[in-house]
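Here are my notes on the two-chain model you passed along.

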Amino acid sequence: MTTLEKLADVLCDVFEDDELVVTRTTSAREIAAWDSVMHVTLMISVERAFGLRFKSGNVAGLKNVGELADLVDRLKAGG
Amino acid sequence: MTRAEVLLAYVAENHPRSVRGIEEARAVDPAAWDAVAEQFLGWAEGVWGPTGWQARCIDAFMRFSNDVIMSQARYEADGHYENSSFAECNEHVYSQRDVMDDYLWGVFITNFCWSHHMELSLFFRDRFLARLPGAPAIVEIAPGHGGWGVWALSNRPDARLQGFDISPSSIAIASSIAKAAGVSDRVTYTQRDALDLATMPAASADAVICSFLIEHLEDPGLLVANIANLMKPGARGYLAGAITAAQVDHIYLFKRESELVALCEAHGLRVTETLSVSPKRTLPKAKYLPRSMGLILERRDLREF
């Protein structure tokens with residue numbers, strides 16, 4: 001399973017929408033419930049799913065799922 | 001466009017996740033929000049210029065807000081605040097100039113862009129500022145960004161203010177905001193630990209402002225004792241604090257409003273009014289309701305039982 005596929009599962013779970021179509025360009029502009037509170041909820045869920053711990057400053061400016069996937073891959077690689 | 005309209009457009013373009021929260025803040029009182037936002041953003045523009053304040057202040061606000069919600073999520077999971085000592089906070093936050101600058105500009109914007117802080121701003125304006133005595137000598141303990149005290153000076157041309165903060169960033173930013181507001185000639189900021197103020201002349205202040213310092217201390221009682229010591233008979237105080245509301249540098253966990261009231265009463269103060277406010281939205285399945293509380297204080301001069 002790729003990072004993007006795993007993230008898609010997390011997003012579907014957090015936003016309680018199994019029909020959600022998640023691509024690298026998916027962002028808060030397409031998901032109405034993705035506000036500042038749900039962004040943090042999503043980040044905590046991603047931490048649990050991937051066994052990571054984000055620094056807050058790394059996730060505040062993420063623009064879309066693609067940037068999140070790249071960050072996850074960097075952290076998994078030890079970056 | 002007004003500065004408030006520029007802010008709303010900038011957030012919609014660059015930070016769509018935060019649009020809802022700012023709409024909630026404006027809905028508290030749209031006319032008042034426009035006025036408070038214009039005032040604060042006018043000061044920010046005075047510091048950063050007509051095109052510089054958006055990226056500097058609003059982006060800092062987004063980072064700060066994200067940090068706060070992340071801290072709250074960790075607190076929900078762990079049941080305690082992330083740090084428990086001043087030394088830890090000093091290492092991670094207070095001694096880091098870049099971190100502090102960003103932090104303080106972020107906090108500055110929360111005064112009207114968080115709905116519950118907008119409510120607190122109106123409480124400060126209507127229940128504290130509007131009822132200060134004539135020609136007040138004001139002491140601001142830990143002014144941080146300085147916005148509260150500068151608001152008092154802008155509102156009261158007969159007022160003077162002394163501010164004390166341990167952070168060089170605070171002194172620099174508060175001074176720059178005072179200059180932008182045109183009140184520099186009536187304010188002095190000094191780098192000094194708020195807990196060392198016991199050496200200041202007792203009963204020397206007509207008003208004391210201390211906004212969101214108390215939860216950053218290992219011994220909040222010492223701060224309240226200093227506030228009481230500074231106040232003249234008949235003086236008014238404004239104290240704000242956080243209750244089950246995490247932040248990277250919150251170390252004293254207040255769990256109930258009554259704890260703040262009791263602390264003030266135990267140190268010779270009368271709490272005449274309070275306002276406890278919370279965000280419109282909390283984390284899903286949250287156990288703790290984060291609150292901010294404002295208290296209006298008077299010195300208790302008669303023996304009371």
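This is a predicted model: local features need pLDDT of at least 70, side-chain atom pairs count only at pLDDT 80 or more; totals for chains, interfaces and linings use all residues.

1. Is Glu298(B) buried, exposed or partly exposed? A residue needs 20 or more other C-beta atoms within 10 Å to be buried, and 12 or fewer to be exposed. Glu298(B) has 17 C-beta neighbours inside 10 Å, so it counts as partly exposed.

2. Who does Glu298(B) touch, leaving aside residues up to four places away in sequence? The list is Arg236(B), Leu269(B), Arg270(B) and Thr272(B). For Arg270(B), the C-alpha to C-alpha distance to Glu298(B) is 5.1 Å, although 28 residues separate the two in sequence.

3. Now chain B as a whole. It carries 11 helices and 7 strands. Its radius of gyration is 18 Å, close to the 19 Å that the globule rule gives for 305 residues, so chain B is as compact as a globular protein of that length. The C-alpha trace spans about 55 × 45 × 35 Å along the principal axes of chain B. Buried residues account for 50% of the 305. If you take contacts in chain B between residues at least 6 apart in sequence, 75% of them join residues at least 24 apart.

4. On to the helix packing in chain B, starting with H4(B) (residues 53-78) and H6(B) (residues 97-113). Their axes are 7 Å apart and meet at an angle of about 90°. Angles of 65 to 115 degrees count as roughly perpendicular, and H4(B) and H6(B) are therefore roughly perpendicular to each other. On the H4(B) side, the residues in contact include Phe61(B) and Phe64(B); on the H6(B) side they include Tyr103(B), Trp105(B) and Phe108(B). By class, this contact has 11 nonpolar, 2 polar and 3 charged residues.

5. H6(B) also packs on H9(B) (residues 168-181), at an angle of about 45° and with the axes 9 Å apart. That pair is therefore oblique, and H6(B) passes H9(B) in a right-handed crossing. From H6(B), Arg97(B), Met100(B), Asp101(B) and Leu104(B) take part, and they meet Pro168(B), Ser169(B), Ser170(B) and Ile173(B) of H9(B). The tally for the contact is 4 nonpolar, 2 polar and 2 charged.

6. Chain A next. It has 4 helices and 0 strands, giving the pattern α-α-α-α along the sequence. A compact globule of 79 residues would have a radius of gyration near 12 Å, and the 11 Å of chain A agrees with that. The C-alpha trace of chain A spans about 30 × 25 × 20 Å along its principal axes, and 32% of the 79 residues are buried. Of the contacts in chain A with a separation of 6 or more, 60% are between residues 24 or more positions apart.

Methods:
Residues are numbered from 1 along each chain as its sequence is written. Chains are lettered from A and ligands numbered from 1 in the order in which they are written. Axes are lines fitted to C-alpha atoms, for helices over the stretch in contact, and angles run from 0 to 180 degrees between N-to-C directions. Helices (H or I, at least four residues) and strands (E, at least two) are DSSP runs, numbered from the N terminus. Angles under 35 degrees count as roughly parallel, over 145 as roughly antiparallel, 65 to 115 as roughly perpendicular and the rest as oblique. Two residues are in contact if their C-beta atoms, placed from the backbone, lie within 7 Å. Ala, Val, Leu, Ile, Met, Phe, Trp, Tyr, Cys and Pro count as nonpolar, Asp, Glu, Lys and Arg as charged, and the others, Gly among them, as polar. A crossing is left-handed if the near helix is turned anticlockwise from the far one by less than a right angle, and right-handed if clockwise. The radius of gyration is taken over C-alpha atoms; the globule rule is 2.2 Å times the number of residues to the power 0.38.
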